[in-house]
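Colleague: I am new to this one. Please walk me through its features, one at a time.

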Amino acid sequence: MIRHTIIAATLFALASPAWAADAGTAQPDAQLIKQGEYLSRAGDCIACHTAAGGKPYAGGLGLDSPLGMIYSTNITPDKDTGIGNYTLEDFDRAVRHGVAKDGHSLYPAMPFTSYAKVSPDDIKALYAYFMHGVEPVNQPNKDTDIIWPLSMRWPLGMWRWMFAPDVVDASAPAPASQAADPGQAEVLRGKYLVEGLGHCSSCHTPRGFALQEKALTDADGTAFLSGGVVEGWLAKNLRGDMADGLGSWSKEDIVAFLKTGVNAHSATFGGMSQVVSDSTQHLSDADLSAIAAYLKTLTPVNEAATQALAYDDTAAQALRTGKDQSEGAMTFLNNCAACHRSTGKGYEQTFPQLATSSTVNSQDATSLIHIVLKGAQLPGTAAAPTQYAMPGFDWRLTDQEVASVVSFVRSSWGNQAGAVTAADVAKVRKDVGGAPQPER
């Protein structure tokens with residue numbers, strides 16, 4: 001997050017493109033290029049390095065940071081405006097160390113703190129792909145919109161010294177090779193993907209005073225993958241918490257979500273929809289299973305909350321009989337019940353359930369408010385091509401009405417999350433560029 005994903009490159013054909021001979025050094029073998037393309041999917045490189053309507057990897061996408069707008073760079077093998085003159089060492093230094101060819105430090109919007117864990121062999125494959133499997137595009141890079149003195153690069157070197165981890169060296173064994181049994185090998189493979197190329201912590205881990213991730217691995221503590229707000233969305237808790245994490249999700253649930261964007265518990269929204277569309281749906285079943293296996297090893301943030309939320313039909317009965325005439329209940333019936341049903345159970349694989357949902361029960365209600373205001377759409381994936389959508393209600397509902405319906409949802413059907421206020425909604429409405437609330 002952080003902002004991840006759209007890859008339009010086709011599977012590498014054995015006949016190399018005519019332009020490949022001009023990029024990089026000698027043409028490597030086709031299998032290495034194909035491996036690099038797969039790894040670029042796992043790393044979701046195109047997410048940040050392709051602008052809307054632009055050519056793949058040509059850069060120019062604006063990344064709205066707390067310091068100002070940062071524009072992603074051209075990473076095609078164009079020799080004038082891209083990375084066509086990068087050696088393997090230059091490429092490695094940028095990707096894993098956060099230092100460009102000319103020596104300036106990269107902004108940590110580039111997740112080199114995660115890529116530091118990528119093996120040298122995988123870096124070599126990525127380099128082969130970007131030099132020989134990507135079409136060069138002559139497109140100059142954009143300067144940042146960060147004002148001086150915040151735009152000075154030298155403090156970034158200090159930032160790297162303080163917060164960037166050591167880079168994995170060539171002598172380190174492959175993660176799976178350290179395992180004593182196949183189950184452990186799968187977990188270690190998942191750990192490698194999640195902590196490294198997947199850079200999941202970029203969005204799903206809270207940030208500290210210097211905008212650094214509070215934890216880069218599970219060994220750093222339970223802040224790792226415990227959730228973080230990115231671009232007006234809450235990137236959810238991926239740890240084992242029952243209410244707002246993955247505690248009630250099975251390994252198969254996680255695989256289904258990453259492959260299709262939907263499962264029996266939830267549906268993807270925000271930046272994660274793009275991740276599923278352009279990255280995770282393209283990963284092998286073995287790698288998706290490994291990611292799921294690793295995530296299921298993460299202990300909950302709240303060790304005391306070990307019980308799963310239980311469904312309660314009190315709200316459903318009150319809605320059905322008309323006993324609940326509150327603003328939240330009536331707003332739900334008039335705007336939400338057609339898809340999510342008065343039971344809160346929705347329609348499996350179509351409209352997600354609200355009852356006992358980890359999104360609904362997150363302490364931070366940002367995503368739920370955002371969805372009500374601006375709507376959301378499922379990604380079209382090979383396994384689930386239909387792109388079901390929810391409309392936004394920012395033009396229809398006032399801040400108080402949104403607060404009432406969100407609070408109703410967060411306290412019904414067994415949900416146990418806190419209420420939200422009109423002020424909470426007003427803040428999200430402003431942050432996400434929602435329509436002015438209607439007059440009543």
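Modeller: We will take helix packing, cores, cysteines and backbone angles in turn.

Modeller: This is a predicted model, where local features need pLDDT of at least 70, side-chain atom pairs count only at pLDDT 80 or more, and totals for chains, interfaces and linings use all residues. Residues are numbered from 1 along each chain as its sequence is written, and side-chain values use heavy atoms, with hydrogens and water left out.

Colleague: How are two packed helices described?

Modeller: By the angle between their axes and the distance between the axes. Axes are lines fitted to C-alpha atoms, for helices over the stretch in contact, and angles run from 0 to 180 degrees between N-to-C directions. Helices (H or I, at least four residues) and strands (E, at least two) are DSSP runs, numbered from the N terminus.

Colleague: At what angle do H7 and H11 pack?

Modeller: About 90°, with the axes 7 Å apart. H7 covers residues 182-195 and H11 covers residues 285-295. The two are therefore roughly perpendicular (65 to 115 degrees).

Colleague: Which residues make the contact?

Modeller: Contact means heavy atoms within 4.5 Å. H7 brings residues including Val187, Leu193 and Val194. H11 brings, among them, Ile291, Tyr294 and Leu295.

Colleague: What is a nonpolar core, and which residues touch the most other members in the largest one?

Modeller: A core is a set of buried (under 20% relative accessible area, 1.4 Å probe, protein chains only) Ala, Val, Leu, Ile, Met, Phe, Trp, Tyr and Cys residues, joined through side-chain atoms within 4.5 Å. The largest has 50 residues, and Tyr57, Phe91, Phe130 and Leu295 touch the most other members. Helix H5 (residues 120-132) gives the largest share, eight residues. A second, separate core of 28 residues includes Phe393 and Trp413.

Colleague: How many disulfides are there?

Modeller: A disulfide is a pair of cysteine sulfur atoms within 2.5 Å. The whole structure has zero. For Cys200, the nearest cysteine sulfur is that of Cys203, 8.9 Å away. The sulfur of Cys339 is 8.9 Å from its closest, in Cys336, which is too far for a bond. Cys339 is partly exposed, at 31% relative accessibility (partly exposed runs between buried and exposed, the latter over 50%).

Colleague: Which residue other than glycine has phi near 65°?

Modeller: Leu211, and the value is positive. Leu211 sits in the loop between helix H8 (201-204) and strand S3 (228-230). Its relative accessible area is 36%, partly exposed. Thr356 also has a positive phi, about 55°, and is not a glycine. Thr356 lies in the loop between helix H14 (337-340) and helix H15 (366-374).

Key: Angles under 35 degrees count as roughly parallel, over 145 as roughly antiparallel, 65 to 115 as roughly perpendicular and the rest as oblique.
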